[in-house]
Amino acid sequence: MRSNTVFLLFFLLPLFCAAQDNPLQWEAGSKKNSAGSYTITVKASLADKWHVYADSIADLELGGLHISWDYDNIQKNGEAISSPAPATIKDPVFENRELRVYTGNFTLTQNINITGDVPASLKIALHGFASNNEAFIPLEETKNVSFEGGVAPVEASRIKLQGVDLKDPVLPCGEAQASGQSLLTIFFLGLVGGVIALLTPCVFPMIPVTVSFFTNRASNKNQAIRNGVLYGFFIFLIYVLASIPFHVIGNVQPEIFNNISTNAWLNVFFFAVFIFFAVSFFGYFEINLPAGIAGKADARSSLGSISGIFFMALTLVIVSFSCTGVILGTLLVGTASEGAWSLTTGMAGFGTALALPFALFAMFPNWLKSLPKSGGWLDTVKKILAFVELALAFKFLSNADLVEHWGLLKREVFIGIWLLIALGMGCYLFGWLRLPHDYKGQKISAARKILGVLAFIFAAYLVPGLTSSRYANLKLLSGFPPPLSYSVYGKKNVLGKGVEPHVINDYEKAVQLSAAQNKPILIDFTGWACVNCRKMEEQVWSRPEISSLLTEKFILVSLYVDDRKKLPATERFIYTFSDGKEKDIETTGDKWATFQSENFGQSTQPLYVILNHRGKLMTHPVGYTPNVKKYEDWLNCGLKAYASDQ
């Protein structure tokens, strides 16, 4: 009984959190005792009828109230002391078990020792659980604590550069441009995703059924055409409307899109989802949404008129999600870093591909006769998609691994996994590997054999990527595997492959080198999970004419905006924007993402900027530039601007 109670409490925690205001109000401060020795004091006040659990109880999985911090150089000096001491109650939430709790006003004091530099301020967190015998909620809140004699961070003054004038660089070359893919390209990619979704077993069989429904129920041909066109339009509209929340989020914080695409735990979540869907597509189990969700939409689809057609479209979108969800997830993560309009454009392309067949077949019902019948080929398509999903799943895991520096999926490990997947697909297509619903002696079509040969060719292409030879740079896959420097052979794996010139990752150091060597600074705003960044490094920077410029004429500094490595406590600070909003700068990525958006008005990568050591802008910044000659001309223009400004 007790374990069930605890399980329910923890399962429902998010609901309780959403419904309850925080019953605990607190403030924190510090007192210096001696060099490196401080006392942190937390003064707390609980709302009436609430209590906070004082002790951690292992068998209840209950954490007691405690103070924590994210700084390795701080060690506790003894246990926390409370005043007054906690009271003992019989808690009805835990079957009247006697537990120690805090109530009303109380104080916690914790002595600490700090080795090395003492930060001027540091965020501390208060963790625990509170209850009023009805609600049970977790407590987790942070406060900023100042330390007497601490070292103030210097980076706050270096976020905003004074010499950057985006409208008036020294030379107006390198027209300002978006650093990502064009909206037309994203629309086309969404369209391709929609066509793939159209060929899945969740969607394809619906075409003749739905079109026949419209043509048979309509009183005349014109009404059938109108209904079919409306049905297709509503499918398109629903997918476009699904992107609206991201416009709202983007207006609040533009950098949120880059955070979405590079968030480690979101990428791990998509890895798990893609594995789950892949196993389902292999035929080991079926995914069905709860009947109530589709049922409610389906019930309204019988209302008739325009509203009925809308709910028919909504029903299709919902029931087909088990096949389209993975494609939509890829679209979300793939376009998130480029902003809300890119996501809307991709969703519009996806919706168009799904909507067009329904509208066209309603207008020309005789075309239905030319449609291939549903059958075994749909199962083959589904299983091919399963192999693709399996490969993409490891791309998501790789993104998380790169951002967090876990070291799980080095480049060769990633390529090895893709190699096994490609071999598995080839064996399946030739019938040597049997999956659920396959049978011995099954006839293999010529199309399957051709696809099988292509799978084996792709596998052969991957083999050099497992080596440290100069052929390991798989340019056709640039951006998908981890960079060559993230290798089981070590960072020097890039040598001899013409991929990555010597770069630094600290802007302040770049400024010093620029002044000392009289060279312009080339800032490369990049990301560990940035596909186009890898393409530039492996396809453009690797060209001799570009590589020589980067290594001989510029101070090249690569700033990773998605790096989740924590800054030392003495370098963390709160940055205040011109509109008064504040942002915690706690990671390397926080610092460089803010540096980019504040000075250059963009939050997408890659972005290339040429400055002198005083922070003066030489040319317009440019983004993804796969044309080698165009990129070379821009670099030379930057050198010309630097020489003319001496």
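Modeller: Start in the loop between β6 (81-83) and β7 (87-91), where Pro84 is found. The peptide bond joining Ser83 and Pro84 is cis. Its omega is about -5 degrees. Keep in mind that this is a predicted model.

Follow the chain past β7. The loop between β7 and β8 (97-102) holds Asn96. Asn96 is not a glycine, yet its phi is positive, about 60 degrees. Asn133 also has a positive phi, about 75 degrees, and is not a glycine. Asn133 sits in the loop between β10 (121-131) and β11 (136-146). With a relative accessible area of 42%, Asn133 is partly exposed.

Now the helix α15, residues 446-462, which contains Ile450. Ile450 counts as exposed because its relative accessibility is 54%, and the cut-off for exposed is over 50%.

Next, a buried charge. Asp524 lies in strand β12, residues 521-526. Asp524 is buried but has no salt bridge. Arg534, the nearest side chain of opposite charge, is 6.2 Å away. Leaving out residues up to four places away in sequence, Asp524 touches Glu537, Trp541, Leu556, Val557, Ser558, Leu559, Leu607 and Tyr608.

Last, confidence. The chain averages a pLDDT of 80, and 80% of the residues score at least 70. Over residues 1-19 the pLDDT is below 50. That stretch has 25 contacts in the model beyond near neighbours in sequence. Where pLDDT is low, the predicted coordinates should not be read in detail.

How values were computed:
Residues are numbered from 1 along each chain as its sequence is written. Side-chain values use heavy atoms; hydrogens and water are left out. pLDDT is the predictor's confidence in each residue, from 0 to 100. Contact means heavy atoms within 4.5 Å. Helices (H or I, at least four residues) and strands (E, at least two) are DSSP runs, numbered from the N terminus. Buried means under 20% relative accessible area, exposed over 50%, partly exposed in between (1.4 Å probe, protein chains only). Lys and Arg count as positive and Asp and Glu as negative; His and the chain ends are not counted. A salt bridge is a side-chain nitrogen of Lys or Arg within 4 Å of a carboxyl oxygen of Asp or Glu.
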